Amino acid sequence: MEDTGMMMCREATRLMSLRIEQPLTFQQKAQLALHLSMCGACRLCDKQFRFLHDSFNRHPSKHGDINNK
C-alpha cells in the first residue's frame, strides 16, 4: 500500500485518546484536524470521546474511589 501521507482512522483514534492525557504536538494536531475535516466517522468518535471525558470530569466521585459508596 502506498503511503499518501493521509492519516488512517486507527491513528486518528489513537491521537484523540492521547489528547485527553497530554498535549499533542503541532504536527499531531494538524494531522488530526485534517483527518477530522474529511472523516465523518472519526468526527463522531471524537464527539463521543469528548462527551465521555467531560461527563467523567463532572461526576462527583471523580476525586474518590468509585467503589466506595
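**Ground rules.** I'm working on a predicted model, where local features need pLDDT of at least 70 and side-chain atom pairs count only at pLDDT 80 or more, while totals for chains, interfaces and linings use all residues. Residues are numbered from 1 along each chain as its sequence is written, and side-chain values use heavy atoms, with hydrogens and water left out.

**Entry 1: the Glu 11 pair.** I started with Glu 11, which is partly exposed at 30% relative accessible area (buried is under 20%, exposed over 50%, partly exposed in between, with a 1.4 Å probe and protein chains only). Its side chain meets that of Arg 14 in a salt bridge, 2.8 Å from N to O. My cut-off for the term: a side-chain nitrogen of Lys or Arg within 4 Å of a carboxyl oxygen of Asp or Glu. Arg 14 is partly exposed too, at 40% relative accessibility. Glu 11 and Arg 14 sit three residues apart in helix 1 (residues 9–21), so about one helical turn separates them. Helices here are DSSP runs (H or I, at least four residues; strands are E, at least two), numbered from the N terminus.

**Entry 2: how many salt bridges are there in the whole structure?** The search finds three. Next I went to Asp 46.

**Entry 3: Asp 46.** Asp 46 forms a salt bridge with Arg 19, and the closest N and O atoms are 2.1 Å apart. Asp 46 belongs to helix 3 (residues 40–58) and Arg 19 to helix 1, so this pair ties together parts 27 residues apart in sequence. Buried or exposed, I wondered about Asp 46? Asp 46 counts as buried, at 8% relative accessibility, while Arg 19 is partly exposed at 27%.

Asp 46 also forms a salt bridge with Arg 50, with the closest N and O atoms 3.2 Å apart. These two are four residues apart in helix 3, so again about one helical turn lies between them. I noted Arg 50 as partly exposed, with 44% relative accessible area. Through shared partners, salt bridges join Arg 19, Asp 46 and Arg 50 into one network.

**Entry 4: the nonpolar side.** I found a nonpolar surface patch of about 280 Å², made by Met 6, Leu 34 and Met 38. Patch residues have over 30% relative accessible area and no salt bridge; nonpolar side chains (Val, Leu, Ile, Met, Phe, Trp, Tyr) are joined within 5 Å, like charges within 9 Å. The areas come from Shrake-Rupley with a 1.4 Å probe, and for residues only the protein chains shown count as cover. Met 6 lies in the segment before helix 1 and counts as partly exposed, at 36% relative accessibility.
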